[in-house]
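Visitor: I have a structure open and have not looked at it before. Can you walk me through it?

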Amino acid sequence: MAAQASPPTKKVLVPIVAGTEPVEAAVPIDVLRRAGADVTVASADDGELVVEVMYGVRIVADALVAGGDCAAAHFDLIVLPGGVPGAANLGGCAALEAMVRRHAATGGLYAAICAAPPLALASWGMLNGLKATAHPLFVDKFPPEVAAVDASVVVDASAVTSRGPATSTEFALALVEQLYSKNKAEQIAKEMLVRYDAGYTIDEVNSVQWKCNGTPKVLVPVANGTEEMELITIIDVLRRADADVVVASAENAGVEIVARHGMRIVADTTLDEAAADDQTSSFDLIILPGGTPGAKTMSSNEKLVTLLNKQAAASKPYGAIGAATAHVLEPHGLLEGKKAADQDGGDECESRVVVDGNVITSGGTGTAMEFAVAAVEKLLGRDVAQRVAEGLLFA
């Protein structure tokens, strides 16, 4: 009996441009690749593969929207992230508009989040007669032909829309359900420890005041295999809080890293340079994203371990999410006598973010936004954290 042929791989296009909201790009890319999709990240910036999106995040695209290979390719899904001015920039990209129109004409699935539903899809007339949602600040940009709905995610015909950064995971999982199945979406959600309710709680013991003078300086180390959703969320949230975030590569080959699910991200500097800078201006917080391959690389980086030990000796804050807790903090004695979050999850609502003195830890990828906002609260106070959470639609 002949072996049954595997179903064809689903192909997805995620265009990015200057001003794209990084969480709204990274989360669908991450989640759809977990589902097995072949995701192409395409730059809509003229001739530029390296795109600086919001909050200073630099992403290296796989292709150009206007490039021949991309324009001629067949996709099962096209996903437009939002952002200001990213959504409007996508809406003004004639090559992208032509691609989405051709795609929709054949019954292809298309999606947008945040400001992109009104400023891109609706501006092209591609939501006429449909229900759709968007970021609350942009709902009034829908034309009368679109029925605006107050919901986290709306699926109507071949269009899927969503509200903003805090709904990005629910949006991405809805896309997995549309492309594959509800069972696959639920499986991924469980693995990631996804919780759909907005807001966060901190399980805190041995409470101490985290201190910083003026603008907090935060070190975020990265390496090949770092979990991109955790990394991008941490950077996004902390920079929304106006922290001075230094993203430093632990790789010897330079500042570009390939994250756990294939996103290529350009760090601000190397760990060697960050360690030298720490001699004159120390970090108020060191925070480690997970992803097992990246965490193992960081654990073997002597300069990073030295920085972490110095941070601990000075009773200054540090923390980790997911695999970085087990592969970096624990083996170097940085959790000795400390309570830490269980990265395997357990009860999805119990101890998702744990603070013990100057140490903050969190579970899997689905806790990244809670973790980052909790770090803002400890570093800058409840009012700043609330402002950031509201901007994320996470309050």
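Predicted model: local features only at pLDDT ≥ 70, side-chain atom pairs only at ≥ 80, totals over all residues.

Visitor: Which domains is the protein divided into?

Guide: Domain 1 covers 11-192 and domain 2 covers 202-392; the bounds come from an automatic or database domain assignment. Their centres, taken over C-alpha atoms, are 28 Å apart.

Visitor: And how many residues of each are in contact?

Guide: 22 residues of domain 1 touch 25 residues of domain 2, where contact means heavy atoms within 4.5 Å. The two domains bury about 2100 Å² between them, 59% of it on carbon and sulfur atoms. Buried area is the accessible area (1.4 Å probe) that two parts lose on being put together, summed over both.

Visitor: Which residues of domain 1 lose the most area?

Guide: Tyr55, Arg58 and Val60, which together give 29% of what the domain 1 side buries.

Visitor: New topic. At what angle do H1 and H8 pack?

Guide: About 170°, with the axes of H1 (residues 22-34) and H8 (residues 228-240) 9 Å apart. So H1 is roughly antiparallel to H8, a term for angles over 145 degrees. Axes are lines fitted to C-alpha atoms, for helices over the stretch in contact, and angles run from 0 to 180 degrees between N-to-C directions. Helices (H or I, at least four residues) and strands (E, at least two) are DSSP runs, numbered from the N terminus.

Visitor: Which residues make that contact?

Guide: H1 supplies Pro22, Val23, Ala26, Val27 and Asp30, and H8 supplies Glu228, Met229, Ile232, Thr233 and Asp236.

Visitor: Where is proline 85 found?

Guide: In the loop between strand E6 (77-80) and helix H3 (86-91). A cis peptide bond, with omega about 10°, joins valine 84 to proline 85.

Visitor: What about phi at alanine 157?

Guide: Phi there is positive, about 55°, although alanine 157 is not a glycine. Alanine 157 sits in the loop between strand E10 (153-156) and strand E11 (159-162).

Visitor: Is aspartate 242 buried or exposed?

Guide: Exposed, at 52% relative accessibility. Buried means under 20% relative accessible area, exposed over 50%, and partly exposed in between (1.4 Å probe, protein chains only). Aspartate 242 lies in the loop between H8 and strand E14 (244-249), and its phi is near 70°.

Terms used:
Residues numbered from 1 in each chain as written. Heavy atoms only, no water. Parallel < 35°, antiparallel > 145°, perpendicular 65-115°, else oblique.
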